[in-house]
Amino acid sequence: MATWDFLVIGGGIAGVSVAAELAPYGRTLVLEQESALGYHATGRSAAIVVPNYGAPPLRALTQASLPTLLEIEVEGHLLAHRKGSLMLELPGQEGVLQASLEDPDRQGRMHEVTLDEALQRVPILRREAIVRAGWEPDVWALDADGLLQWYRRRARAAGAEFRLNAKVTALERVGDVWQVTASGVTEQAVTVVNAAGAWADTLATRAGLRPLGLQPKRRTALTVPAPTGHDVQGWPAVIDLGETRYFKPDAGALMLSLAEETDSPPCDAWADDEDVATAVDRVQQIADLPVDRVISTWAGLRTFAPDRVPVVGWARDGEGFLWLAGHGGYGLQTAPAMAQLAASIVLGTAPPEALGIARVDATALSPGRLTPGPEPLRASA
Ligand SMILES: Cc1cc2nc3c(=O)[nH]c(=O)nc-3n(C[C@H](O)[C@H](O)[C@H](O)COP(=O)(O)OP(=O)(O)OC[C@H]3O[C@@H](n4cnc5c(N)ncnc54)[C@H](O)[C@@H]3O)c2cc1C
């Protein structure tokens, strides 16, 4: 049996991007249980890049990813477009805008705007429903599938192989390699990368390793027709700073979400009718948006570590087993930095200078922070 250098489990943005970074350095195989890449969280995101979203390590990862996200061109088209975002403070949330304006990480990137200015940008907003508004210019709409396919092409060009309908059902460390069985076929690899999204803990358990306490949380989204007489394409994202709702333009329509985080087992998540109705209701509380029909609904799982910071690093209890998981609601906007960091850990090299990854504290991302114990184990070959 030939031995793969790198066997990546999971064909979402995490798995495909790390495969692209590793493939130039060794034989790389990606196993995906579904019949298409990006079937789960990656294909169900809101595809927004918000640099000031999340805890400090996430902001550093997003900053380090921005140059890549903003430079990628596919057939003459950039994958990211600056849209900006209106950040709203609603009744009952008093103080959140001030806290954001005074946040040292945010200063200079967000300023307060009058409600008149807010309404100029998004005329359907209901003035009486908003307490204060901030304008954050550095928020981008991202072509999420374009990013996934860009990484897939890079991985393929460097020799990586992709197998779909390949669900990993068994993993065992035998001597100095992993034996990994997917859909009845057993492969052998020096290094396994666990990029299984909502299933990352399940997979580790299957390998006989300790889970990290990752929790998938469902989030629902839907699209509705743009309000009559409005060209919404130039509108920014509208986000409530209390994270109870947001909406944004989406291919000539509007995408809405109630920004919920409902604990879920790993599964093919679906939109609950009640959540869809709640999302419409909450957006209608702040905007004059008649909804006589819904174009599409979906839900996806955002998977969080207990401290809501992603995980990248060697397992403490499994030689040659790398965690790349817990991407929460930030997996697309942090993908370039996370993939390069993961590859540098696997290859034992320093992450590229240009990445600004020096601002990212690798120990804050390591699985060891969640499973105290002996030093992590790396692959022996
Ligand atoms: C509604 C919503 C809005 C979001 N908005 C944003 C946003 O605006 N910006 C942003 O950056 N992020 C956003 N996210 C988060 C982002 O989508 C995720 O962080 C990211 O997609 C996670 O990527 P992943 O590769 O880790 O997971 P996934 O895309 O879920 O990929 C994991 C893959 O592993 C496969 N797998 C699992 N177990 C096995 C097995 N045993 N064998 C083989 N394959 C297996 C699964 O089939 C799956 O395809 C959003 C998410 C949701 C749901």
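**View 1. Helix H1 gives the most to the shell around the ligand, with three residues.** Helices (H or I, at least four residues) and strands (E, at least two) are DSSP runs, numbered from the N terminus. The model is predicted: local features need pLDDT of at least 70, side-chain atom pairs count only at pLDDT 80 or more, and totals for chains, interfaces and linings use all residues. Residues are numbered from 1 along each chain as its sequence is written. Gly-10, Gly-12, Gly-197, Gly-300 and Gly-331 come nearest among the 39 residues around the ligand, a residue being near if its C-beta atom, placed from the backbone, lies within 6 Å of the molecule. Two or more residues of the shell come from each of H1, strand S15 (215-225) and strand S20 (296-304). The shell comprises 18 nonpolar, 15 polar and six charged residues; Ala, Val, Leu, Ile, Met, Phe, Trp, Tyr, Cys and Pro count as nonpolar, Asp, Glu, Lys and Arg as charged, and the others, Gly among them, as polar.

**View 2. Helix H1 (residues 13-22) against helix H8 (residues 335-347).** The two axes come within 8 Å and cross at roughly 50 degrees; axes are lines fitted to C-alpha atoms, for helices over the stretch in contact, and angles run from 0 to 180 degrees between N-to-C directions. H1 and H8 are therefore oblique to each other, given that angles under 35 degrees count as roughly parallel, over 145 as roughly antiparallel, 65 to 115 as roughly perpendicular and the rest as oblique. On the H1 side the contact includes Ile-13, Ala-14 and Ser-17, and on the H8 side Ala-335, Pro-336 and Met-338 are among the residues involved. In this contact, 12 residues are nonpolar, two polar and one charged.

**View 3. Helix H1 against helix H5 (residues 144-157).** Here the axes come within 8 Å and cross at roughly 35 degrees. Ile-13, Val-16, Ser-17, Ala-19 and Ala-20 of H1 meet Leu-147, Leu-148, Tyr-151, Arg-152, Arg-154 and Ala-155 of H5, where contact requires C-beta atoms, placed from the backbone, to lie within 7 Å. Eight nonpolar, one polar and two charged residues form this contact.

**View 4. Domain 1 (3-44 + 144-214 + 307-369) and domain 2 (85-137 + 216-303).** The bounds come from an automatic or database domain assignment. The domain centres, taken over C-alpha atoms, are separated by 31 Å. In the interface, 14 residues of domain 1 are in contact with seven residues of domain 2. The side of domain 1 that touches domain 2 has six nonpolar, seven polar and one charged residue. Each domain supplies at least three residues to the shell around the ligand.

Note on methods. Contact = placed C-beta atoms within 7 Å.
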